Amino acid sequence: MVDEISDFEVLELAVRELAIEKGLFTAEDHRVFSEWNDARSPAAGSRMVAKAWLDPEYKARVFSDPLNASKEVGVDWAEPSGFGTTSDYMHLTVLENTPTLHHVIVCTLCSCYPRPLLGHSPYWYRAPNYRRRIVRWPRQVLAEFGLVIPAEVEVRVEDSNAKSRFMVLPVRPEGTEGWSEDQLAEIVTRDCMIGIAQPKPGRTTDGPRPIHKASRPVHSGGRPKEATR
Ligand SMILES: [Fe+2]
């Protein structure tokens with residue numbers, strides 16, 4: 001049985017067939033790129049973080065030259081799939097969390113995400129509620145994800161776009177002294193590199209996220225009175 005397809009899928013099919021007909025790319029190019037895209041995962045990002053935790057010189061390169069640092073974990077941003085990118089060159093910035101500074105990433109406009117390093121974005125990253133609420137009430141949204149950031153820690157939200165992508169380098173947790181790169185990479189999950197979770201020994205998967213009804217914090221200013229009548 002074939003499920004009903006959405007309007008967007010119909011649109012994608014139509015544009016793809018037209019592009020192939022016009023010679024912009026071939027059906028084989030599309031197949032190879034789709035297979036490459038489907039094979040992405042957060043593994044390269046996890047490896048990058050683990051290496052940075054262990055090697056100060058590599059860590060310095062992660063900030064000063066993230067594209068070349070990505071190459072060292074097998075990701076070439078300039079030519080990720082072997083035949084060009086979907087949106088030309090993208091500027092990558094790795095954001096360093098510290099005990100007094102916490103970063104979280106979003107794309108308020110749509111769903112831009114560092115896919116070569118983190119694979120496909122989770123469904124909530126693309127949801128309008130996450131995109132509009134994380135920039136207004138970051139601490140509350142992080143708490144809804146189970147991450148309570150102490151008041152003395154600054155929270156910064158970085159907004160991605162088509163040309164600028166971000167990844168969070170979390171703080172190496174206590175209890176990981178003497179760990180190997182493989183052991184460290186295992187606890188650096190996707191959510192830790194988005195900034196909605198923190199790595200800790202024993203936590204190796206992100207798990208399902210609880211669904212919360214969107215709420216408006218008291219004292220936030222909120223919407224005008226007329227809109228609530
Ligand atoms: Fe976007």
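Val 104 stands opposite Val 157 in strand 3. The model is a predicted one, in which local features need pLDDT of at least 70 and side-chain atom pairs count only at pLDDT 80 or more, while totals for chains, interfaces and linings use all residues. Residue numbers start from 1 along each chain as its sequence is written.

The chain holds 11 helices and four strands. Helices (H or I, at least four residues) and strands (E, at least two) are DSSP runs, numbered from the N terminus. Of the 229 residues in the chain, 26% are buried. A residue is termed buried if 20 or more other C-beta atoms lie within 10 Å of its own, exposed if 12 or fewer, and partly exposed in between, with C-beta atoms placed from the backbone. Two residues are in contact if their C-beta atoms, placed from the backbone, lie within 7 Å. Among contacts between residues at least 6 apart in sequence, 70% join residues at least 24 apart.

Strand 2 (residues 101-106) and strand 3 (residues 154-159) run parallel and are joined by six bridges. Strands are taken to pair if DSSP finds at least two bridges between them. Strand 2 is largely enclosed by the rest of the structure, because five of its six residues are buried. In strand 3 lies Val 157, which counts as partly exposed because it has 17 C-beta neighbours inside 10 Å. Not counting residues up to four places away in sequence, Val 157 touches Val 104, Val 106, Ile 134, Val 135 and Pro 138. One of these, Val 135, is 22 residues from Val 157 along the chain, and the C-alpha atoms of the two are separated by 6.3 Å.

Leu 92 belongs to strand 1 (residues 91-96). With 20 other C-beta atoms within 10 Å, Leu 92 is buried. Its contacts, leaving aside neighbours within four places in sequence, are with Pro 66, Leu 67, Ser 70, Trp 77, Pro 114 and Arg 165.

Tyr 113 is placed in the loop between strand 2 and helix 6 (115-118). This residue is also buried, as 22 other C-beta atoms lie within 10 Å. Beyond neighbours within four places in sequence, Tyr 113 is in contact with Cys 107, Leu 118, Ser 121, Tyr 125, Ser 160 and Arg 165. For Tyr 113 and Tyr 125, 12 residues apart along the chain, the C-alpha separation is 8.8 Å.

The axes of helix 3 (residues 43-54) and helix 4 (residues 56-64) come within 5 Å and cross at roughly 130°. Helix 3 is therefore oblique to helix 4. The contact involves Met 48, Lys 51 and Ala 52 of helix 3, and Tyr 58, Lys 59 and Val 62 of helix 4. By class, this contact has four nonpolar, no polar and two charged residues. Axes are lines fitted to C-alpha atoms, for helices over the stretch in contact, and angles run from 0 to 180 degrees between N-to-C directions. Angles under 35 degrees count as roughly parallel, over 145 as roughly antiparallel, 65 to 115 as roughly perpendicular and the rest as oblique. Ala, Val, Leu, Ile, Met, Phe, Trp, Tyr, Cys and Pro count as nonpolar, Asp, Glu, Lys and Arg as charged, and the others, Gly among them, as polar.

Asp 182 sits in helix 9 (residues 181-187). Asp 182 counts as exposed because it has 10 C-beta neighbours inside 10 Å. The C-alpha atoms of Asp 182 and Ala 50 are separated by 7.7 Å, although the two residues are 132 apart along the chain.
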